[in-house]
Amino acid sequence: MYAMTHIAIHDALNAIDRRYRPYAFFGHASRQSSTDAAVATAAHDVLVPVLGQIPAPFPQACIDAAIAGVEADYAAALDAIADTPSKRKGVNVGAKAAAAILALRADDGSDTPLLDFDYPQGTEPGEYRFTPGTPFAFAPGWQDVTPFVLEDSSQFRADPPFDVTESAYTADFDEVKRLGGDGTTTPSERTPDQTEIALFWVESSPLQWNRIARIVSAEEGLDLWEQARLFGLLNMALADGYVGSFETKYLYNYWRPVTAIQNADTDGNPDTDVDPTWTPLVTTPPIPDHDSAHSVEGGAAAQVFQRFFGTDEISFETCSLTLPAGSRCNDTSAVTRSFTSFSQAAEENALSRILVGFHFRNAVEDGVEHGRLIGDRAVDLFLLPVH
């Protein structure tokens, strides 16, 4: 949804003034077309139908509210533009750009069921099985969704996870066991700052990395075309990050730390100690461990930013919606975290998945590198300058 929306915006603007190569809509429009009307219509005409197609378990009331919000914002955006031929031309090109990406993605496989209660669980040490509280696997078919920039979902597949009898596995096991517990049922050696990191980055990856893009694009003074290109590249890379990571995850089908720790007496490794009640800080997502999709997302985003701006070293600060109440983005005492580079943020994002008890270190390190390769491919081959 993010990628399609920003592709439509990018292509509408570049139909009015071709500065970058379009992705789906290759038509041209009058230079007198209102860019504000084009952007608003492109976004609206993608978001409304795509939101309407979101499947279970998302509640219909949530979907209806989202669509109503888009409609209200669109009406306000158009009301702010004088009713002139320029406005009508902008609406027209925005609609065409949206229709082009909707048509291109019509059979992309993203209608795959999200909850698979019949997914076959593993029985051998290291094999994935349902995690506590979630008796299903999430979106195993997402690996078959058509990518935006990758040749196929396996293009940059991560290396296999460690065998459960390897010393490297033991080290990763001990680390997440020591740091990732909830601090109530399971003691944890996390510091207060590490707990903040763990909760800060639980937030949706596309939401957080798009927030960072808004912050940095404003601070760097990007024009409308540059912003559209940045958000288009970012969101195509993020979308493909999930496609590529889910291919890796369901190929290797590797167990999560919570399963590994609670079943360590069956893993054949004499150096791992079982804790049958070990509980992570946050409920583990119902997806295999390796590689960490969250880390893939961070690696992809940071690489797109670094390549787009020509440097990794841009400072910024951002907030989160998954911190405790009172310290979230919209709160008066919102907590922010500051970074001096994009890679620093990606590395902290990856570390958070150990601290929250979700992943082994190998999964997050491989995930960051997987994401970087996807980010490079996006910037190398798509939405390139025409001159």
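This report describes a pocket, a cavity and a helix in a predicted model.

## Basis of the values

Local features require pLDDT of at least 70 and side-chain atom pairs count only at pLDDT 80 or more, while totals for chains, interfaces and linings use all residues. Residues are numbered from 1 along each chain as its sequence is written, and side-chain values use heavy atoms, without hydrogens and water.

## Second largest pocket

Lining residues, which have an atom within 4 Å of a point, include Met1, Tyr2, His6, Leu47, Arg214 and Phe231. Helix 1 (2–16), helix 2 (35–52) and helix 7 (205–219) each give two or more residues to this lining; helices are DSSP runs of H or I with at least four residues, numbered from the N terminus. By class, the lining has eight nonpolar, three polar and one charged residues (Ala, Val, Leu, Ile, Met, Phe, Trp, Tyr, Cys and Pro are nonpolar, Asp, Glu, Lys and Arg charged, and the others, Gly among them, polar).

One cavity of 30 Å³ or more is counted, a cavity being a set of points where a 1.4 Å probe fits but cannot get out. The largest cavity has a volume of about 30 Å³. Among its lining residues are Pro161, Tyr254, Asp289, His290 and Phe360, and the lining divides into five nonpolar, two polar and two charged residues.

## Helix 12

Helix 12 (residues 361–381) has 21 residues and spans 31 Å from its first C-alpha to its last, close to the expected 30 Å, which is 1.5 Å times one less than the number of residues. Leu383, which follows helix 12, has a positive phi near 55°.

Conventions: On a 1 Å grid over the protein atoms alone, a cavity is a set of points where a 1.4 Å probe fits but cannot get out, and a pocket is an open set with protein on both sides within 12 Å along at least five of seven lines; lining residues have an atom within 4 Å of a point. Grid points are joined across faces, edges and corners, and a volume is the space filled by probe spheres set on the points.
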